[in-house]
Amino acid sequence: MSTNWNSSGKKHSADFLKAIGVPEMPPRLSPFDPGYDAQTLRGHLEQSSQLISTLKISMACWIIANEDVTRAKVETAKHYGVPTVTGGGPFEIAVAQGALEKYLDLCADIGVSRIECGEGFTDMRLPPAHVAKLAHARGLELQFELGKKHTGAFTQQVVRELIAQGRAWLDVGALQLVVEARESARGVGLFDDEGGFNPSFADIFAHEFGLGTVLFEAPNKPSQFELLNHFGPEVHLCNVRLEEILRVEIYRRGLHSDAYSRTNLRPPLARSQEAA
């Protein structure tokens, strides 16, 4: 996280953050690339790769883009030590069209680290163990997206079903689970038609799977801030746009004016001084 402010290396941003009580944190952010040009992506990785746990090559855009550019972007992410994961849409279509193995072959050859599985807009008939076997045979990791894209906000019954589904995928080797929120965080998943957040349902996922395993899609400022306000800095957010990485991460560290007023986000040193 350090940044040299001059060639002598005497001043570092990491030293300042330590002085004001901001702890070092592992990366807990999985932004997405919906089709940025290669130079833009490289610039964001150069600036923020230390904050990124995985980079989602999102939707199906990468399949119709110039393939050389797609491969170059995956290689750039590798250069900066950032694993890449494909979005769940192409997976669902591949399964529905009977072309899963061809899709997995392509992902492996492109060089992505992981695929996202799901049934957000289709009904998948393949058992998780079969998908996992095919993916692992090609050196691909797995994550699974929980929730439908078009059936509205979660109900209690839906949450119970998703918990069981998530366990089944973890049992076959999925590394993480992603809670659906699409690109709007309105009328889907944990968010009602007005974008209101359901913290009790979020707590169920966190309790069942742990914040190290479950990721919450947070595609806009209200959803990002709601999740950070509720869970604190430990929550893992995904589907954040590249240009919003730094804003989200200063909020996580209590360096945003709205976050500083919250006791679970304000730097610990500031909290201890206030108590004294």
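Student: In β8, which residue is the bridge partner of P31?
Tutor: The model is predicted, and residues are numbered from 1 along each chain as its sequence is written. Local features need pLDDT of at least 70, side-chain atom pairs count only at pLDDT 80 or more, and totals for chains, interfaces and linings use all residues; side-chain values use heavy atoms, with hydrogens and water left out. Strand β1 (residues 29-33) runs parallel to β8 and is joined to it by four bridges, where strands and helices are DSSP runs numbered from the N terminus (strands E, at least two residues; helices H or I, at least four). Within β8, the partner of P31 is V240.

Student: Which residue of β8 is the bridge partner of F216?
Tutor: Strands β7 and β8 run parallel and are joined by two bridges; strands count as paired if DSSP finds at least two bridges between them. The bridge partner of F216 in β8 is L237.

Student: How many of the residues of strand β8 are buried?
Tutor: Buried means under 20% relative accessible area, exposed means over 50%, and partly exposed lies in between (1.4 Å probe, protein chains only). Strand β8 (residues 237-241) is largely enclosed by the rest of the structure, because its buried residues number four of the five.

Student: In what order do the eight strands close into a barrel?
Tutor: Neighbouring pairs illustrate the arrangement: β2 (residues 55-57) and β3 (residues 84-86) pair in the parallel sense over three bridges, with L55 opposite T84. Likewise, β4 (residues 114-117) and β5 pair in the parallel sense over four bridges, with I115 opposite L142. The pairing in the barrel is parallel, and the order is β1-β2-β3-β4-β5-β6-β7-β8.

Student: Which residues have the most contacts inside the largest nonpolar core?
Tutor: A nonpolar core is a set of buried Ala, Val, Leu, Ile, Met, Phe, Trp, Tyr and Cys residues joined through side-chain atoms within 4.5 Å. The largest one has 66 residues, and those with the most contacts inside it are I115, L190, F205 and F216.

Student: Is the pair of F191 and F197 stacked or tilted?
Tutor: Rings of Phe, Tyr and Trp (its six-membered ring) pair if their centres lie within 6.5 Å; planes under 30 degrees apart count as stacked, over 60 as edge-to-face and the rest as tilted. By this rule there are six aromatic pairs. The ring centres of F191 and F197 are 5.7 Å apart and their planes stand at 35°, so the pair is tilted.

Student: And is the pair of F216 and F231 stacked or tilted?
Tutor: The ring centres of F216 and F231 are 5.3 Å apart and the planes stand at 25°, so the pair is stacked. This pair links distant parts of the chain, with F216 in strand β7 (residues 214-217) and F231 in helix α10 (residues 221-231), 15 residues apart. Both residues are buried. The class of the F216 and F231 pair is therefore stacked.

Student: At what distance from the ring centre of Y260 does R266 lie?
Tutor: A charge sits over a ring if NZ of Lys or CZ of Arg is within 6 Å of the ring centre and within 35 degrees of the ring normal. R266 lies over the face of Y260, and its distance from the ring centre is 5.6 Å.

Student: What is the relative accessible area of A185?
Tutor: A185 is found in the loop between β6 (176-179) and α9 (199-209). Its phi is near 50°, a positive value in a residue other than glycine. Most residues other than glycine have a negative phi. A185 is buried, and its relative accessible area is 2%.

Student: What distance separates the C-alpha atoms of F154 and N198?
Tutor: F154 is in the loop between β5 and α8 (156-171), and F154 is buried, with a relative accessible area of 8%. Not counting residues up to four places away in sequence, F154 touches several residues, including L190 and F205; contact means heavy atoms within 4.5 Å. F154 and N198 are 44 residues apart along the chain, and their C-alpha atoms are separated by 9.0 Å.
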